[in-house]
Amino acid sequence: MSGEKTGKVTIICVIMFLVFLGIAAWIENVGFTEFEADVFRHRTIYCIQRGMIYDVFPIFGYAGEVMWAEETTFEEELFYSEMPLFDYLNEEINMKSANEDAETIMQLTALQKEELVHITENTEGILTTPEYYNEMMSENEHAVLFATDTDFFTSGAGYVSELSTTWVTEFIKASNKTVEYDESKLSDYEFVMENFYTVDSCTSAGPDILKPKDFLEYNATIDKSQPGPHILIYHTHSQEAFIDSVPGDKSTTIVGVGEKLTELLREEYGYEVYHHTGEYDIDTRDDAYAKAAPALEEILEQYPQIQVIIDLHRDGVDESRHLVAEWEGRQIAQFMFFNGLSYLNSKGSIDYLPNPYLQGNLALSFQATVTANEYYPGLARRTYLNGYRYNMHYREKTMLIELGAQTNTVNEVMSACEPLAHILDMVFSGE
């Protein structure tokens, strides 16, 4: 390139750069939307490029619009090699637009999901099946995967940030059984022990204790026609928290989870629930059950109509374990029902910890586990059997539930309350 031509190109570059800065400042002051601003920038760069190519490289100008139809032409590469400033500006704009387009599609698909949920909640008999919901969400997911595929934005961008395609969906109740058990299997001791229980090494449970056939026939229903409260929820270990619990904020601990479960059982299923938030493990957990006992007795004396007691905990597991399953695109903490047998292998029956309601306790947790496995497979862990009593002797329908563990997030545990409440309602209503 001659010196005269080089000087001309340099002058044009400087002028165009100043013009572009002026235009950019004008865009900021005019109040364009991001989309309008990006379109204006693209068209400005396009016009500058074309004008300079026609002026500096007139032979290529005769190619007309054809040269601009290609993703990256030889002429453009030559232009960028001589004008690196515009190459940089073009890449910056393309990369910004690529990311914003992906985010826009994510927002649009989220709005579509919300509208679908709104329609589902307000339309009888239409769009109400999980299958239809899954189909619609799958279509949206494909759209997002396409929008965030790096090949989709390779013309000039060279990079696009990864976007998660995991949906945080509104809970949809399971309407049908996913798993169907053979009733003869559920009545078989060996099958049940192998598939439904984990027994602590300190205790044992033979066929004289675990009677699955009787458990299936047990009447676990709650009479909601009686004045309430019908259910008591409390926490022997109120200080149990989760991986992202906020120190000092009880709403992010097991107490907050108990309040969430309480609200669901009240508002969604019509039970009168008393949520007791007394603290019995402030200094030590060792005697928490003994400390909680007088408070339980007082509550039951005040409300003798209480039919079900739920002691809600979270489990303690190895830090490498994450008790989570997926339901309808949501990450949900797994839960576990727990029973004390008042029996130790080393001592036999613990006479000073009698539980006249042991069979009712066991039947209730067994029915809940079977129901969970049938409608929400993967959410319920095996029922854990341990040797002591755990204050389960105050009502025949008493449950101790371990909801998640210290390695779960608050959101995962709160999300688990919805299927858990549905499972409890199916058991308490006799479905």
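Which residues does lysine 260 touch, not counting residues up to four places away in sequence? The legends below refer to a predicted model.

**View 1. Lysine 260 and its contacts.** Lysine 260 touches Met414 and Cys417, with residues up to four places away in sequence not counted. Lysine 260 sits in helix α11, which spans residues 254-267. Valine 413 is 153 residues away from lysine 260 along the chain, yet their C-alpha atoms are separated by 9.9 Å.

View 2. Cysteine 202 has 24% relative accessibility, so it counts as partly exposed. A disulfide is a covalent bond between the sulfur atoms of two cysteines. The count of disulfides in this model is 0.

**View 3. The largest nonpolar core.** This core has 65 residues, and Ile231, Phe335 and Phe428 are those with the most contacts inside it. Helix α14 (residues 410-429) supplies the largest share of the core, 12 residues. Another core, of 13 residues, lies apart from it and includes Tyr280, Ala293, Ile309 and Tyr394.

**View 4. Surroundings of isoleucine 231.** Neighbours within four places in sequence are left out of this view. The contacts of isoleucine 231 include the aliphatic residues Ile222, Leu265, Val273, Ile306, Val308 and Ile310. Tyr271, Tyr274 and Phe428 are also in contact with isoleucine 231, as is Glu272.

**View 5. The β5-β6 hairpin.** Strand β5 (residues 324-327) and strand β6 (residues 330-333) run antiparallel and are joined by 4 bridges. Valine 324 has alanine 333 of β6 as its bridge partner. The hairpin has 2 residues between the strands, and glutamate 328 in the turn has a positive phi of about 55 degrees. On β5, Ala325 and Trp327 make up the covered face, whereas Val324 and Glu326 make up the uncovered one.

**View 6. Helix α9 and what covers it.** Helix α9 covers residues 189-196, and its buried residues include Tyr189, Phe191 and Val192. Met193 and Phe196 of α9 are buried as well. Among the elements that cover the buried residues of α9 are the helices α8 (183-186), α10 (212-217) and α13 (358-375). Strands β1 (197-199) and β10 (383-386) also take part in this cover.

Notes: Residues numbered from 1 in each chain as written. Predicted model: local features only at pLDDT ≥ 70, side-chain atom pairs only at ≥ 80, totals over all residues. Heavy atoms only, no water. Core = buried A, V, L, I, M, F, W, Y, C linked by side-chain atoms within 4.5 Å. Buried < 20%, exposed > 50% of the residue type's maximum accessible area, 1.4 Å probe, protein only. Contact = heavy atoms within 4.5 Å. Pairing = 2+ DSSP bridges. Disulfide = S-S within 2.5 Å.
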